[in-house]
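Here is a short tour for someone meeting this structure for the first time. Please keep the sequence and the 3D view side by side while reading.

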Amino acid sequence: MAEHFDIIIIGGGPAGLTAATYARRAGKSVLLLEKEGFGGQIASSPKVENFPGFAAISGAELADKLYAQADALGAQIELEEVLSVEAGTPHTVVTDYNSYTCTALILATGMKHRSLGLEKEDTLAGVSYCAVCDGAFYTGRDTAVCGGGNTALQDALFLADLCRHVTLIHRRSEFRGDPILVEALKKRSNVTMVLDTVVDALLGDNVLTGLQLRNTVTGETSTLAVDGLFEAVGQQPEGKLAAALSVADDGGFIPAAEDCLTGKAGVFAAGDCRTKEVRQLTTACADGAVAALAACTYCNANS
Ligand code: NAP
């Protein structure tokens, strides 16, 4: 027979681990399932300087602390990939090793930044997906931002305050993001906009030294020397399970409000997989707390 838990949390990032901590402190039996590694996106960040209480901490160390806290409180934490979920009374969760049931289910499956798919993208130092997280490392240096949405525009503005020069590279002649941000960028003397242009290659052996660019209209190629590239070409939720539960929107995000309630009884959404404006460590943790407490209330009413 499948082992039963009050609450199963899918996803071992900051939202999921915080949810586990809160649910255990409320006395619920908790299983947290993670398929890859704990800490989510933050685990790969070299330095976190915006998590309250820590002036500076590596993402890996912070992930370890979040894990250790949930573990010490008695959450069962397993490295198993969830293959399928079925909502019901109880919900059923099938992993690559086991089958479980639970009264309440928290989806904290996070999201991935879309990448450009270039060679050396994952290995070169100097390629980042988060200006707020990593921008300070490029203070006084030259950076580029690739993308034409609000994230790219905001990243370029953020970096313009720190960097010597910022080049915003967009594949079309018009930005997808808000005109007010475009206008704000035009006023910055240290920002150059390079339109109708794509990044064809990353230059450098271990550390990024520049970009090979191609104008999509003229076909002309050029080289741009930069210390950092911030890719802001959209995001992809890990939406497979949410879609299976019919709680995802067309983009794969879960349209739950600040209360973390999905349209499905006993199913809650926490962290970056939820539709929201601000995707930061702190807001993921906040979601974890809110979703866990809502799940506890649900368990109390339905056990
Ligand atoms: P987005 O709006 O989907 O923009 C992605 C950008 O990347 C687009 O300009 C796209 O170009 C470009 N792109 C995609 N694939 C590319 C590729 N392979 N090579 C080069 N360029 C590529 O994503 P986002 O900026 O992350 O924003 C996501 C959502 O959050 C949006 O709804 C946005 O408005 C919202 N957001 C809001 C705020 C705010 O302050 N309100 C801040 C940030 C984000 P094309 O334009 O040619 O498709």
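The report below goes from the ligand to an aromatic pair, then to single residues and the backbone.

The model is predicted.

**The ligand and its shell**

Start with the ligand. Sixteen residues surround it: the closest are Asn150, Thr151, Arg171, Arg172 and Arg176. What kinds of residue make up this shell? Three are nonpolar, eight are polar and five are charged.

| Residue | Part of the residue | Distance to a ligand oxygen |
|---|---|---|
| Gly148 | polar backbone atom | 3.0 Å |
| Gln154 | N or O atom in the side chain | 2.9 Å |
| Arg171 | polar side-chain atom | 2.9 Å |

How much of the ligand does the protein bury? Taken alone, the ligand exposes 910 Å². The protein buries 69% of that area.

**An aromatic pair**

Next come the aromatic rings. A search of the whole structure turns up five aromatic pairs. One of them joins Phe268 and Tyr298. Their ring centres are 6.2 Å apart, and their planes meet at 70 degrees. Planes over 60 degrees apart count as edge-to-face, so Phe268 and Tyr298 form an edge-to-face pair.

Where do the two partners sit? Phe268 belongs to strand β17, residues 267–269. Tyr298 belongs to helix α7, residues 281–302.

Leu261 lies in the loop between α6 and β17. With a relative accessible area of 40%, Leu261 is partly exposed.

Is Thr21 buried or exposed? The cut-off for buried is under 20% relative accessible area. Thr21 has 8% relative accessibility, so it counts as buried. It sits in helix α1, residues 14–25. Setting aside residues up to four places away in sequence, Thr21 touches Gln69, Ala70 and Leu73. Thr21 and Phe5 are 16 residues apart along the chain, and their C-alpha atoms are separated by 15 Å.

Thr95 is found in strand β5. Its relative accessible area is 5%, so Thr95 is buried too. Which residues does Thr95 touch, leaving out those up to four places away in sequence? They are Leu33, Glu80, Glu81, Val82, Leu83 and Tyr100. The Thr95 side chain also reaches the backbone nitrogen of Tyr97, at 3.0 Å.

**A serine in a strand**

Ser222 lies in strand β14, residues 221–225. Its relative accessible area is 37%, which makes Ser222 partly exposed. Beyond four places in sequence, Ser222 touches Leu211, Gln212 and Leu213. Ser222 and Asp200 are 22 residues apart along the chain, with 9.9 Å between their C-alpha atoms.

**Backbone points to look for**

Now turn to the backbone. Most residues other than glycine have a negative phi, and most peptide bonds are trans.

Which peptide bond is cis? The bond from Thr89 to Pro90 is cis, with omega near 5 degrees. Pro90 lies in the loop between β4 (82–86) and β5 (91–95).

Asp196 is not a glycine, yet its phi is positive, at about 50 degrees. Asp196 is in the loop between β11 (191–194) and β12 (197–203).

Ser246 also has a positive phi, near 60 degrees, and is a residue other than glycine. Where is Ser246? Its place is in the loop between α6 (240–244) and β17. Ser246 has 60% relative accessibility, so it counts as exposed.

Note on methods: Residues are numbered from 1 along each chain as its sequence is written. This is a predicted model: local features need pLDDT of at least 70, side-chain atom pairs count only at pLDDT 80 or more; totals for chains, interfaces and linings use all residues. Side-chain values use heavy atoms; hydrogens and water are left out. Rings of Phe, Tyr and Trp (its six-membered ring) pair if their centres lie within 6.5 Å; planes under 30 degrees apart count as stacked, over 60 as edge-to-face and the rest as tilted. Helices (H or I, at least four residues) and strands (E, at least two) are DSSP runs, numbered from the N terminus. Buried means under 20% relative accessible area, exposed over 50%, partly exposed in between (1.4 Å probe, protein chains only). Contact means heavy atoms within 4.5 Å. A residue is near a molecule or strand if one of its heavy atoms lies within 4 Å of it. A polar contact is a pair of N or O atoms within 3.5 Å; within protein, one must be able to donate a hydrogen and the other to accept it, and residues adjacent in sequence count only if both atoms are side-chain atoms. Accessible areas come from the Shrake-Rupley method with a 1.4 Å probe; for residues, only the protein chains shown count as cover. Ala, Val, Leu, Ile, Met, Phe, Trp, Tyr, Cys and Pro count as nonpolar, Asp, Glu, Lys and Arg as charged, and the others, Gly among them, as polar.
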